[in-house]
Amino acid sequence: MGPTQALAQWTAGLRYDDLAREVVEQACHIIADTLGCCLAAFAEDREKCRVATGVAKLYADPRGATVIRGRGLRARPAFAALANGILANAADNDDTHKRALLHTGSVVVPAVLAMAQAHRRSGADAIAALVAGYEVAVRVGMAVMPTHYRFWHSTATNGTFGAAAAAAYALGLDAGGVQRALGLAGTQAAGLNTFFESGDMTKSIHPGKAACNGILSAELARLGATSPPAILEHPKGYLAAFSTDPDPAALVRGLGTQWEILQNGFKYFPSILASHSPIQATLRIVQKHPVDARDIVAITNETYNTVKSHFSNKTVGSVMAARVSVPYCIAIAAVDRELTQRQFTPQRYTDPLVQQVLAKTEVVADEKLNKLYPDKFPARVTIRLKDGTALQETVLFPKGDPQDPLSAAELEAKFRDNAAACLTSAEADALLDAIYALPKAGSVSRLARLLAGAPASKRMLPAKAAGRSTKGRARLARRTKAARKRGLK
């Protein structure tokens, strides 16, 4: 049996009862984190929100799936997923599987919620579909990385397979149907890394389009459309075309026993993951020492090769360009002594002092550190001052990595900070409750209803204000604990 067929049979045969408690809980964390990122878009990138809602309106369907904060707008499932996938990545705060270098949640969560709502699947079915999508997407990603990343955006390309598997599961396709969906996904997978210099919208359109293409693949397969049965391993198939050094064994290694979803990382900073270790190293330096940014002569980030080749652009002319520029993230962290959403505004990236420090910041590929990647995301940052002082810190695992994970409390705090763009503290509590109750819910309708409201422009809350009181935290903890007790087996 080839790997494409093996993935298809495993996906079709997966059942919610096969999932360990920690896998189910992780799936709920991923839904919460992804939806929080969607809500943050309305504060951090309203232009992308306008585009996302606008494209969904072109395919409006009152019987379709909810577009998040779309004033009751519903669209055909593929296009609701397109819109919501754009929102999920808009603030660049979405989750990452480091070996696949894939923002899996931004693709799979929109696809799953759209299909589960449109086809009236239970919450447990939605969880199982999400897990299937995760396991397929990241295995395809691991099979083609790291050379795949020379040109291709892993979220767009490898994510398409995950969305197809999840959507096929939600449609109840048999193994043959899933295999056809994967074949159709492979011939649609696309998305170039050109955005790293321009910081344009394609980075955020990619996860939405991958979700859309995955759903289309599953729907075509249900209609009986045929496709290459060995799309992944064929000599002219996906692995051969999209990688110079593919690893076919990664497609099925540990399938069903080694849950890659548990290796998912959640972002601590709203920027490209490659910037997180150097950000932490920089913050350690400036928080330990009284560094005046005007005294900085040079900053060097010694790290792995991909950072130098992909993320070292220093011409920052947009918010997204700033988010994907490791030198900018280091420079702004050195100047502001923090790294939050506030550091990604035109006022900050055009600031003269920030630009001066950015010009002095360099990325250097280090042979020894490169050998640690992708098990580790190493960064050794050195700040040199006018008086000759050299201050250095090294970080191997960024905060949020499975080796240094965010706690449940930190994940919830991140969700609430993101959700504050649109929701009151009580509304955020209700949404968390609905997410963690999904495994026992008869449908995803309550969750969809809570996501459907209009952007709360007249009652916008400061990102740090909502739910930050002691009473608010205690209430959140009680409600979340109760939801988990009801929902998780």
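1. Where pLDDT is low, the predicted coordinates should not be read in detail.

2. Now the protein as a whole. Its mean pLDDT is 93, and 93% of the residues reach 70 or more. This is a predicted model, in which local features need pLDDT of at least 70 and side-chain atom pairs count only at pLDDT 80 or more, while totals for chains, interfaces and linings use all residues. Residues are numbered from 1 along each chain as its sequence is written, and side-chain values use heavy atoms, with hydrogens and water left out.

3. Helix α1 covers residues 3–13. Helices (H or I, at least four residues) and strands (E, at least two) are DSSP runs, numbered from the N terminus. Is α1 mostly covered or mostly uncovered? Mostly covered: eight of its 11 residues are buried, where buried means under 20% relative accessible area, exposed over 50% and partly exposed in between (1.4 Å probe, protein chains only). The buried residues are Pro-3, Thr-4, Ala-6, Leu-7, Ala-8, Trp-10, Thr-11 and Ala-12. Their cover includes α6 (123–144), α7 (154–170) and α8 (175–186).

4. With a relative accessibility of 15%, Trp-10 counts as buried. Beyond its neighbours within four places in sequence, Trp-10 touches Val-131, Ala-132, Glu-135, Leu-255, Gly-256 and Trp-259. Thr-53 is 43 residues from Trp-10 in sequence, and their C-alpha atoms are 35 Å apart in space.

5. Next, have a look at Asp-92, in the loop between α4 (77–90) and β3 (96–97). Asp-92 is buried, because its relative accessible area is 0%. Which side chain does the side chain of Asp-92 meet in a polar contact? That of Lys-203, at 2.7 Å. A polar contact is a pair of N or O atoms within 3.5 Å; within protein, one must be able to donate a hydrogen and the other to accept it, and residues adjacent in sequence count only if both atoms are side-chain atoms. Leaving aside neighbours within four places in sequence, the contacts of Asp-92 include His-103, Lys-267, Phe-269, Met-320 and Arg-323.

6. Gln-343 also sits in a loop, between α15 (326–336) and α16 (346–349). Gln-343 has a relative accessible area of 3%, so this residue is buried. Its side chain makes a polar contact with the side chain of Asp-336 (2.9 Å). Apart from neighbours within four places in sequence, Gln-343 is in contact with Tyr-328, Ile-332, Asp-336, Glu-338 and Arg-348.

7. How many cavities of 30 Å³ or more does the structure hold? There are five. On a 1 Å grid over the protein atoms alone, a cavity is a set of points where a 1.4 Å probe fits but cannot get out, and a pocket is an open set with protein on both sides within 12 Å along at least five of seven lines; lining residues have an atom within 4 Å of a point. Grid points are joined across faces, edges and corners, and a volume is the space filled by probe spheres set on the points.

8. The largest cavity has a volume of about 140 Å³. Of the 17 residues that line this cavity, Thr-66, Asn-84, Leu-113, Ala-114 and Leu-451 lie nearest its centre. Helix α5 gives the most to the lining, with five residues. The lining has 13 nonpolar, four polar and no charged residues. Here Ala, Val, Leu, Ile, Met, Phe, Trp, Tyr, Cys and Pro count as nonpolar, Asp, Glu, Lys and Arg as charged, and the others, Gly among them, as polar.

9. The second largest cavity holds about 110 Å³ of space. Its lining has 13 residues, and those nearest the centre are Thr-96, Leu-101, His-103, Tyr-149 and Ile-272.

10. Finally, the second largest pocket has a volume of about 310 Å³. Closest to its centre, among 16 lining residues, are Arg-99, Met-145, Pro-146, Tyr-373 and Pro-374. Helix α13 (residues 305–310) provides the largest share of the lining, four residues.

Definitions and conventions: pLDDT is the predictor's confidence in each residue, from 0 to 100. Contact means heavy atoms within 4.5 Å.
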